[in-house]
Number of protein chains: 2
Amino acid sequence: MIDRAVAGRVQPSSTLLGPGDDAAVVRVPDGRVVASTDMLVQGRHFRLDWSSPEQIGRKAVAQNGADIVSMGAWPTSFLVALGCPADTPVAVTDALTDGIWSEVSELGAGVIGGDMVQSEQLVISITVLGDLGGHEPVLRSGAQVGDQVAVAGRLGFSAAGLAALRAESAEFPELVAAHQVPTPPYRCGPAAARAGATAMTDVSDGLVADLGHLGVASGVAVELHADLLDPDPRLRAAAAVLGADALDWVLTGGEDHALAATFPADAALPAGWARIGEVRAGSGVRVDGCSWAGDGGWQSFS
Amino acid sequence: MIDRAVAGRVQPSSTLLGPGDDAAVVRVPDGRVVASTDMLVQGRHFRLDWSSPEQIGRKAVAQNGADIVSMGAWPTSFLVALGCPADTPVAVTDALTDGIWSEVSELGAGVIGGDMVQSEQLVISITVLGDLGGHEPVLRSGAQVGDQVAVAGRLGFSAAGLAALRAESAEFPELVAAHQVPTPPYRCGPAAARAGATAMTDVSDGLVADLGHLGVASGVAVELHADLLDPDPRLRAAAAVLGADALDWVLTGGEDHALAATFPADAALPAGWARIGEVRAGSGVRVDGCSWAGDGGWQSFS
């Protein structure tokens, strides 16, 4: 099965030694490597009746890739450990690895190593390595009072798609697709770093929750403006049908893997970024001056 | 729980940014990074009634560390993803992370990132990064006809300990301990690289199986001599009591994470290494001229 996952795949030039030995070797011209890891568990992070194995593979890569671009770096190498029940059809693991490779290839990266073991549940653990390209990493802790707060990418689409799946609605295929395979605005991460972003994070738990983490790390408050967060008409349409609040999806929906960052007040925002608020002295995240009363967004360990 | 796993731990100087942001940043002065990943699943790779959580944590790190030293590199950074059932006592996850950190610290390395999610089974997925220190990696594919074959570290101890656990024997605590926490001869890996090792691998599946992989990768045959593999008296004593064959443990027992390597015929073997045979033209692994009839060693996906 490991051979099937590896055979015929194209590695980037940074992969000096790919899968097949005790370890892989990657070129790191910057002299620093960025690294992050995530574990996804069947039934908790994905459902095989709601997503195809190919979509699950793409999503697993996308959420890891988003962690790297939110540092201002670019993903170069992925390591994939897969736990599968003994009766998992080969077609499922093939589609999963195809999905992984297809998102990895879009990034120009490679799967440089992995493991495949038997487990009760399908478990996917991915580690991603990234390249800073000579720039300093953009941390969560660098936001300054007076900075602009901005986002790149979609907000609330994944949450709306999940609500449609839960309601067994067939009306919103585009939103369901956004839940199945997020499309992080990868290039906006390094672009923000070059434009002088002072702090950055990806939106995995929800905008309010993740800006809350950024605010705590920076020791600042974040003030958002609802009129700058006006939900997309597609979200409004779905919210009306599904009995939900579209702004709630935008503020607390996770898994879109948008990027949120702070920039100096006078910085020109790079393409793809839109201002949504400012950094203030204090703590917490407020929308139009009120603390958000929601549950703070999706959590993976509850 | 992640805070508990991270708080108060000491990072090595190579960790430029540790856990807590979207990703970690590690210094890579060599310009290349070595990387490997392994997944361990409860009931398949460990049992909580046979090993303490602390031992399981140490073993998970040791088997990953062995993959790095078998390239001639040194482990510097670990990423740990942990899946736990909802009812896992905090004492168990604390002991597991203590075990992980204790083996990581012995290596002078750091845990730079991780994830913690809910799952049905305990699942530990570890990725390790390593530093080549300016040397070329030692691959499985470099063995030359006429080379010496040598090993460093213990063989068969883990298999004997597992047999004692299965037989519910309390007679062999030292062997059981070897199964619970392997002690890879870490420093022998880089030492072999400096001494001109032409190929190297760690012994995770069993000596015959892993030398078989090395032989295939190098396009050579491996000839071993039983008199150079004489089982330790402690293995002979246990084999007599447990009705097993001590040489079988030495040849096919996995999980000791010994190192096996090939060296030029005239090379002086570094400390800790012992000659066990030679590289010949052809294919396969033979012991005193006979093909090994065993099952080829332990497999993680059967």
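Thr15(A) stands opposite Val26(A) in strand 2 of chain A. The model is predicted; local features need pLDDT of at least 70, side-chain atom pairs count only at pLDDT 80 or more, and totals for chains, interfaces and linings use all residues. Residues are numbered from 1 along each chain as its sequence is written, chains are lettered from A in the order in which they are written, and side-chain values use heavy atoms, with hydrogens and water left out.

Strands 1 and 2 of chain A run antiparallel and are joined by two bridges. Strands here are DSSP runs of E of at least two residues, and helices are runs of H or I of at least four, both numbered from the N terminus; two strands pair if DSSP finds at least two bridges between them. The two strands form a hairpin with six residues between them, and Gly20(A) in the turn has a positive phi of about 125 degrees.

## Strand pairing between the chains

Strand 2 of chain A is also joined to strand 3 (residues 32-41) of chain B, antiparallel, by four bridges. In that strand of chain B, Val33(B) is the bridge partner of Val26(A).

Strand 3 of chain A pairs with strand 2 (residues 24-27) of chain B in the antiparallel sense, over four bridges. There, Val33(A) has Val26(B) as its bridge partner.

## The interface

In total, 59 residues of chain A are in contact (heavy atoms within 4.5 Å) with 59 residues of chain B. The two chains bury about 4,500 Å² between them, 59% of it on carbon and sulfur atoms; buried area is the accessible area (1.4 Å probe) that two parts lose on being put together, summed over both.

Four salt bridges are found across the interface, a salt bridge being a side-chain nitrogen of Lys or Arg within 4 Å of a carboxyl oxygen of Asp or Glu. Arg140(A) forms a salt bridge with Asp21(B), with the closest N and O atoms 3.8 Å apart. On the side of chain A that touches chain B, the largest share, nine residues, comes from strand 3 of chain A.

## Thr15 in chain B

Thr15(B) lies in strand 1 (residues 15-17) of chain B. Thr15(B) counts as buried because its relative accessibility is 12%; buried means under 20% relative accessible area, exposed over 50%, and partly exposed in between (1.4 Å probe, protein chains only). Leaving aside residues up to four places away in sequence, Thr15(B) touches Val25(B) and Ile112(B).
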